Amino acid sequence: MEQDEKSCRRMDRRVRRSRRAMMDAFDRLIVLTPLDQITVSAIAREADVDRKTFYQHFGTVDGLLDAIAEEVVSGLLDEVELATRERVEMGEDVRPLKAFFEALSEHLSKNESLQQRYCEHVPAELLFDHLARPLTRQIVERGFVRGDLSAEHLEMLLAFGLGGLFSLYRWWLISDRSVPLAEVTRCASTLVEGGIAAYTGQRTALTHE
């Protein structure tokens, strides 16, 4: 039994290593190559795995993009949960949106060149779609959105807010970045927080009339 558990752990490590190798390989390829020119064969070759391994993990290049987006979103929101939990324990005012923008700014500052290439080499609508789906789902699952909102109004609010954020940060990444990232983040935070507060307040007022 113990031997079986050790074998499973070794297999799990191999699976994680293969998965990580293919995701890292895609990052290296997207720096130089537009998405429509990146093939499964190219990713497998860059990651030193066979095509069958790629198909077992991701199925398609689109599936790989989904996995990368899921990992990015999970990492950001894990940081938000950690930051908000620490502030609650310290008796501070908790603002999940503020923590989200801090985590997003930190992520972008560490990977500016790579994020720029994603924006340049992946069509904007496709990139937004891959990021928005896990972000919307996890924001709701983790309870970051408050207010008396129906599912339809919540979906509308998130679509509007995330669309604006994506456009703003994409603009910054492909610009000359003469505007400091801290200023972009400050503006984004103010706009989103103000819009959400006004909208949720309006919806709450309407439901109590």
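Buried here means under 20% relative accessible area, exposed means over 50%, and partly exposed is whatever falls in between (1.4 Å probe, protein chains only). Helices (H or I, at least four residues) and strands (E, at least two) are DSSP runs, numbered from the N terminus. The model is a predicted one, in which local features need pLDDT of at least 70 and side-chain atom pairs count only at pLDDT 80 or more, while totals for chains, interfaces and linings use all residues. Residues are numbered from 1 along each chain as its sequence is written, and side-chain values use heavy atoms, with hydrogens and water left out.

Just after α2 comes D48, which takes a positive phi of about 60 degrees. That is a positive value in a residue other than glycine. D48 is found in the loop between α2 and α3 (51–57), and at 71% relative accessibility it counts as exposed. R177 also has a positive phi of about 60 degrees although it is not a glycine. This arginine is found in the loop between α8 and α9; with a relative accessible area of 22%, R177 is partly exposed.

On to the inside of the protein. A nonpolar core is taken as a set of buried Ala, Val, Leu, Ile, Met, Phe, Trp, Tyr and Cys residues joined through side-chain atoms within 4.5 Å. The largest such core has 51 residues, and those with the most contacts inside it are F26, I30, I43, L64, F100, Y118 and Y169. Two or more residues each come from α1 (2–32), α2 (40–47), α4 (61–89), α5 (96–110), α6 (112–121), α7 (124–141), α8 (151–174) and α9 (181–207). The largest share of this core, 10 residues, belongs to α4.

Two residues show what the packing looks like at the level of single side chains, with contact meaning heavy atoms within 4.5 Å. Leaving out residues up to four places away in sequence, Y118 touches F26, D27, I30, L65, I68 and L127. T185 is found in helix α9 and, at 10% relative accessibility, counts as buried. Its contacts, again not counting residues up to four places away in sequence, are F101, S105 and Y169.

Next, the pockets. The search ran on a 1 Å grid over the protein atoms alone: a cavity is a set of points where a 1.4 Å probe fits but cannot get out, a pocket is an open set with protein on both sides within 12 Å along at least five of seven lines, and lining residues have an atom within 4 Å of a point. Grid points are joined across faces, edges and corners, and a volume is the space filled by probe spheres set on the points. The largest pocket comes out at about 940 Å³. It is lined by 42 residues, of which V72, L76, L104, H107 and L131 lie nearest its centre. At least two lining residues come from each of α1, α4, α5, α6, α7 and α8, and α4 gives the most, with 13 residues. By class, the lining has 28 nonpolar, 5 polar and 9 charged residues, where Ala, Val, Leu, Ile, Met, Phe, Trp, Tyr, Cys and Pro count as nonpolar, Asp, Glu, Lys and Arg as charged, and the others, Gly among them, as polar.

Finally, the charged pairs. The structure holds 13 salt bridges, each being a side-chain nitrogen of Lys or Arg within 4 Å of a carboxyl oxygen of Asp or Glu. One of them joins E120 to R117, with the closest N and O atoms 3.0 Å apart. Both lie in helix α6, 3 residues apart, about one turn of the helix. E120 is partly exposed at a relative accessible area of 39%, and R117 is partly exposed at 23%. An α-helix has 3.6 residues a turn, so residues three or four places apart point the same way.

In α7, the side chains of R133 and D129 meet in a salt bridge (3.1 Å, N to O); being 4 residues apart in that helix, they are separated by about one helical turn. R133 is partly exposed at 40%, as is D129 at 35%. R186 and E183 form another bridge (2.9 Å, N to O), and they sit 3 residues apart in helix α9, about one helical turn. Salt bridges that share partners also join R20, D24 and E71 into one network.
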